[in-house]
Amino acid sequence: MNHEVAVTGLGVVAPHGDEPGALFQSLLQGRSAIQPVFPELPKPAAAATVAFDETRWFTKLQLAGVDRVSQLAVAAADMAMRNAGLSTSDADPERVGVFSGCGMGGAAALEAAYRGNGRVSPLTIPAFMPNAPAAHVAMRQGVKGPVLTYSVACASSSAAIAEAAKAVQRGEVDIAIAGGSEALIVPGVVVAWQAMATLAGFQPGEAAGAVRPFATDRSGFALGEGAAFLVLESAERARARSARSYATLAGWGLSSDATHLTKPDAPGQARALRAALREAGLQPRDVGYCNAHGTATRIGDVVERNALAEVWGDDLDTLRVSSTKALHGHMLGAAGAIEALITVMALQQRQLPPNANCREIDPECRMNLVMQDDTAAPALEAAISNSFAFGGTNSVLLFRRA
């Protein structure tokens with residue numbers, strides 16, 4: 001028997017705060033969290049960082065060997081479980097799973113080791129390993145079922161949510177804590193991304209508007225940090241305990257480009273889009289909103305537009321599109337999770353976050369972009385969230401209104 005998958009809990013630690021409703025309102029208002037960082041670097045850098053008080057979640061003793069990436073994950077997962085009205089005592093701990101995405105692991109621990117003048121903490125390895133966030137969430141929640149980490153660059157947490165949904169659908173777990181975390185805002189990582197020439201340039205005082213997805217004058221993204229988790233369970237189980245359901249995770253699609261490590265491929269992305277629609281039993285015209293991957297790179301935005309056009313065809317203008325990375329930055333391994341959460345909020349509130357900072361749409365990216373003064377979506381019934389990664393992994397999540 002295949003179960004319908006309900007989203008019953010939301011938890012987030014983001015540059016706009018740790019309350020989903022307040023985060024969503026900030027996005028609706030077009031408020032950017034991107035600001036200058038590391039003035040000591042040779043080249044100007046900007047990022048979206050989290051104001052995080054780790055003492056809310058950890059004692060000083062507990063913090064030993066726990067990198068920021070794991071701290072953010074523990075907090076977001078804990079809030080998601082509370083939001084769902086759940087603790088692991090409400091289920092057999094062997095039938096609860098953690099499905100977590102993380103692209104690069106504990107960057108702060110690695111940076112400290114490199115810059116430690118020969119003094120390297122013996123806890124460096126457990127702090128920076130990419131599966132540490134999932135392990136810490138499992139320990140905090142007492143989870144004894146599958147605890148899995150997906151590391152596929154920018155698609156990591158979207159793929160984790162898709163795999164969690166499959167486990168719930170098939171009845172392998174009763175509760176899935178699914179999402180991801182990333183905390184890469186350290187000088188060494190920022191310099192590495194600058195060397196790749198993918199980060200947005202900006203003039204002094206203009207960092208907040210530096211990321212311009214689908215715009216003629218776009219120049220790249222800004223890094224972000226944060227964590228987001230969804231609680232997934234079967235719709236039957238949710239109804240039985242009178243739980244609130246934010247949305248149904250109705251479809252998911254995973255594909256590989258198999259063409260190039262860093263250059264995206266429209267046919268590969270289209271395969272993931274079609275797979276998500278097929279799983280949900282929907283036609284393209286049934287989906288009213290797309291939270292785009294939209295990294296504001298010269299090549300990536302055009303390829304994503306072409307993939308959507310290939311699948312939607314003559315119905316492309318019925319699909320409203322925005323990339324929220326313009327406001328919260330690109331969270332890499334956590335991007336799919338926070339953008340899934342935002343997509344769920346859009347469905348629930350029937351409001352769409354705008355595609356910020358786009359004054360003139362690139363003709364090659366022509367789509368029905370959400371504008372700041374036109375965010376209402378009173379008839380919205382289904383929405384997708386795209387995550388297209390370096391390495392060629394594509395992940396699409398399709399949500400239906402509860």
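Predicted model: local features only at pLDDT ≥ 70, side-chain atom pairs only at ≥ 80, totals over all residues.
**Stop 1: the core**

Begin with the largest nonpolar core, which has 62 residues. Select Ile 161, Leu 230, Leu 232, Leu 249 and Phe 399; these have the most contacts inside the core. Now color helix H12, residues 335–349. H12 gives the most to this core, contributing 10 residues. As background, nonpolar side chains tend to be buried together in soluble globular proteins.

**Stop 2: H1 against H12**

Next, show the side chains at the contact.
- From H1, select Pro 20, Gly 21, Leu 23, Phe 24, Gln 25 and Leu 27.
- From H12, select Ile 338, Leu 341, Ile 342, Met 345, Ala 346 and Gln 349.

Color them by class. The contact of H1 with H12 has nine nonpolar and three polar residues, and no charged ones.

**Stop 3: H9 against H10**

Move to helix H9, residues 266–280, and helix H10, residues 298–312. Their axes are 8 Å apart, and the packing angle is about 45°. That angle makes H9 oblique to H10. The crossing of H9 past H10 is right-handed.

Select both sides of this contact.
- H9 brings Ala 266, Pro 267, Gln 269, Ala 270, Leu 273, Arg 274 and Leu 277.
- H10 brings Val 303, Glu 304, Asn 306, Ala 307, Leu 308, Glu 310, Val 311 and Trp 312.

How do the residues of this contact of H9 with H10 divide by class? There are 10 nonpolar, two polar and three charged residues.

**Stop 4**

Go to Gln 283, in the loop between H9 and strand E10 (289–291). Its relative accessible area is 42%, so Gln 283 is partly exposed. Draw a distance from Gln 283 to Ala 270, C-alpha to C-alpha: the two are 14 Å apart in space and 13 residues apart in sequence. Ala 270 is one of the H9 residues that meet H10.

**Stop 5**

Most residues other than glycine have a negative phi.

Select Leu 332, in the loop between helix H11 (325–328) and H12. Its phi is positive, about 50°, although Leu 332 is not a glycine. Is Leu 332 buried or exposed? Leu 332 is buried, with a relative accessible area of 5%.

Then select Asn 357, in the loop between H12 and strand E12 (368–369). Asn 357 has a positive phi near 70°. Its relative accessibility is 23%, so Asn 357 counts as partly exposed.

**Stop 4: Asp 362**

Asp 362 also lies in the loop between H12 and E12. Asp 362 has a relative accessible area of 7%; the cut-off for buried is under 20%, so Asp 362 is buried.

Which residues is Asp 362 in contact with, leaving aside neighbours within four places in sequence? They are Phe 214, Ala 215, Thr 216, Arg 218, Arg 298 and Val 302.

Finally, draw a distance from Asp 362 to His 328. Their C-alpha atoms are separated by 22 Å, and the residues are 34 apart along the chain.

Technical notes. Residues numbered from 1 in each chain as written. Heavy atoms only, no water. Axes fitted to C-alpha atoms, helices over the stretch in contact; angles between N-to-C directions. Helix = DSSP H or I, 4+ residues; strand = E, 2+ residues; numbered from the N terminus. Parallel < 35°, antiparallel > 145°, perpendicular 65-115°, else oblique. Left-handed = near helix turned anticlockwise from the far one by under 90°. Contact = heavy atoms within 4.5 Å. Nonpolar A, V, L, I, M, F, W, Y, C, P; charged D, E, K, R; others polar. Buried < 20%, exposed > 50% of the residue type's maximum accessible area, 1.4 Å probe, protein only. Core = buried A, V, L, I, M, F, W, Y, C linked by side-chain atoms within 4.5 Å.
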